[in-house]
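Student: I have a new model open and want to go through it with you. Can we start with how the helices pack and then move on to other things?

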Amino acid sequence: TAAIAALSATSVVATASYLRAERAQAEARARFDQVHGAARYLLFDLGDRLERQPRSLALRAEVAKVSQSYLDRLARSPGAPDAVRAESARGLLLLAERQGMPGRPNLGQSDQAKRNLATAYDLAKGLPGAEGRRLRAQTRLDQAHLVVMVDNDFDATERLLADARALIFDAAAPIPDLQGDWYAEMAGLRQWQGRYDESLVAARQGLAAPRPTQPRDAMIREANLQDLLAETTYYAGHPEEAIAPYRRRMAILESAAGRWPDDPRVARLLPRSRWALGLTLLDVGRAAEAAPILAKGVAEARAIAEFDPADADAARASEMLDDSQAQTFAALGRPQAAIPILARTVERRRARMLREPQVTMHTRDYAVALLSLADIEAQAGLVATACGRYEEGEAVFAALRRSGRQTALDDTSSLKLLREAEAKYCRGVKPAKAPRSG
């Protein structure tokens with residue numbers, strides 16, 4: 001009787017403890033789901049809505065950072081579902097984009113972007129199945145784009161693209177809709193390396209690859225690949241032949257802008273397409289045809305830069321369009337109108353280079369700006385000043401070369417043009433130190 005009574009008491013206690021544990025687990029699951037839902041809303045839903053609000057980039061990046069910290073904690077919780085870990089990895093990709101992904105609205109924080117992409121890949125490595133493979137492949141593509149554009153580290157880019165290729169083109173489990181993106185990144189890398197024939201092949205393979213299921217994404221990718229075809233053709237020494245793919249790119253983006261007039265990504269790409277086509281027309285002596293195209297691009301790029309002054313990518317694009325307008329003035333016989341515009345760009349890019357000397361893109365941008373300004377000054381008769389700028393440009397490229405960051409594209413484009421200009425204008429001329437505007 002005593003044993004039965006003891007067993008009954010133990011059973012009552014155990015049942016009560018079990019019920020309390022069940023309630024605690026249910027409450028913990030409810031709290032988990034609550035935090036997960038709030039973090040997901042902040043990161044994806046609210047972030048997308050804020051993207052259409054002016055001056056919101058810094059806020060969007062902060063919202064992404066805060067919500068990501070919650071997702072990270074949830075992902076590290078014992079027994080966290082794979083879906084939550086996948087969402088945390090996707091959130092890191094989005095946060096890295098807002099921090100420093102070239103070609104997208106970003107705060108110019110490339111180092112933070114690199115760290116978050118590395119963390120995203122580590123998270124994705126622990127995810128099984130198709131979702132884990134897709135996240136690993138997308139992360140490698142994003143890392144390759146960032147490294148090639150910001151650092152010009154071609155060895156690292158090769159390794160990242162090799163990892164992505166193994167996942168995307170795996171015969172047993174391919175990821176068809178990422179194949180075109182892989183070809184685009186490879187075409188860009190080969191262009192930087194001066195391997196133009198290989199770049200053209202990769203761009204054409206990208207155009208033949210399966211298209212994304214979303215029409216907007218399909219049009220953006222096609223426009224990007226047309227741009228790679230055009231740029232590679234141009235840098236290979238055939239500017240006239242580059243005009244047709246540049247026109248196709250602009251037409252695709254104009255069509256996309258008509259279908260999605262409020263889409264920020266389409267709006268950002270369109271003025272860049274006008275810049276590329278307009279400059280090519282200038283280069284082949286068709287300034288009158290280039291002028292209205294570039295003027296339209298200038299207005300669009302300024303509107304995007306004014307929409308959010310914190311957007312480093314938009315500010316850079318607006319500078320590029322302003323410079324193209326200056327070059328139009330010079331081509332139409334008004335070099336004095338062009339010089340102040342280009343001088344402002346030189347000083348802005350010099351300041352960025354000094355502020356972030358580790359970012360190769362800033363150093364190259366400064367050298368290219370020096371070359372553009374010097375060319376116009378030489379045309380305006382300010383030869384000694386121009387020769388001083390050419391000399392400084394040579395020094396900047398020499399620094400890139402010593403650090404191992406000078407590229408084959410530099411050799412065949414900007415540096416080649418710089419040396420041709422020096423040979424034309426600067427023999428027997430004592431270079432003058434160029435004035436600083438700030």
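**Helix packing and a few local features**

Tutor: In this predicted model, helix 13 and helix 14 are roughly antiparallel to each other.

Student: What is the angle behind that, and how far apart are the axes of helix 13 and helix 14?

Tutor: The two axes cross at roughly 150° and come within 8 Å. Angles over 145 degrees count as roughly antiparallel, so the label applies here. Helix 14 covers residues 335–355.

Student: Which hand does the crossing of helix 13 and helix 14 have?

Tutor: The crossing is left-handed.

Student: And which residues make the contact between helix 13 and helix 14?

Tutor: From helix 13, Glu 319, Met 320, Asp 322, Asp 323, Ala 326, Phe 329 and Ala 330 take part. Helix 14 contributes Pro 335, Ala 337, Ala 338, Ile 341, Leu 342, Thr 345, Arg 348, Arg 349 and Arg 352.

Student: How many of the residues in the contact of helix 13 with helix 14 are charged?

Tutor: Six are charged, nine are nonpolar and one is polar.

Student: What about helix 11 against helix 13, at what angle do they pack?

Tutor: Helix 11 (residues 264–283) packs on helix 13 (residues 312–331) at about 25°, with the axes 10 Å apart. Helix 11 and helix 13 are therefore roughly parallel to each other. Their crossing is left-handed.

Student: Which residues of helix 11 and helix 13 make that contact?

Tutor: On helix 11 they are Arg 268, Pro 271, Arg 272, Trp 275, Leu 279 and Leu 282. On helix 13 they are Asp 313, Ala 314, Ala 317, Met 320, Leu 321, Ser 324, Gln 327, Thr 328 and Ala 331. By class, the contact of helix 11 with helix 13 has nine nonpolar, three polar and three charged residues. Met 320 is listed in the contact with helix 11 and also in the contact with helix 14.

Student: Changing topic. How many disulfides does a search of the whole structure find?

Tutor: It finds one. The disulfide joins Cys 387 to Cys 426, with an S to S distance of 2.0 Å.

Student: Where do Cys 387 and Cys 426 sit in the chain?

Tutor: Cys 387 is in helix 16 (residues 383–402), and Cys 426 is in the segment after helix 18 (414–425). They are 39 residues apart, and the pair links distant parts of the chain.

Student: Are Cys 387 and Cys 426 buried or exposed? And which hand does the disulfide have?

Tutor: Both cysteines are buried. The torsion about the S-S bond is about -100°, so the disulfide is left-handed.

Student: On to the backbone. What is the phi of Arg 55?

Tutor: Phi of Arg 55 is near 55°, a positive value in a residue other than glycine. Arg 55 lies in the loop between helix 1 (2–50) and helix 2 (57–76).

Student: And what is the phi of Asn 152?

Tutor: Asn 152 is not a glycine either, and its phi is positive at about 55°. Asn 152 belongs to the loop between helix 5 (129–151) and helix 6 (154–168).

Student: Last one, what does the secondary structure of the whole chain come to?

Tutor: The chain has 18 helices and zero strands. Its C-alpha trace spans about 115 × 45 × 45 Å along the principal axes. Of the 438 residues, 49% count as buried.

How values were computed
Residues numbered from 1 in each chain as written. Predicted model: local features only at pLDDT ≥ 70, side-chain atom pairs only at ≥ 80, totals over all residues. Heavy atoms only, no water. Axes fitted to C-alpha atoms, helices over the stretch in contact; angles between N-to-C directions. Helix = DSSP H or I, 4+ residues; strand = E, 2+ residues; numbered from the N terminus. Parallel < 35°, antiparallel > 145°, perpendicular 65-115°, else oblique. Left-handed = near helix turned anticlockwise from the far one by under 90°. Contact = heavy atoms within 4.5 Å. Nonpolar A, V, L, I, M, F, W, Y, C, P; charged D, E, K, R; others polar. Disulfide = S-S within 2.5 Å. Buried < 20%, exposed > 50% of the residue type's maximum accessible area, 1.4 Å probe, protein only.
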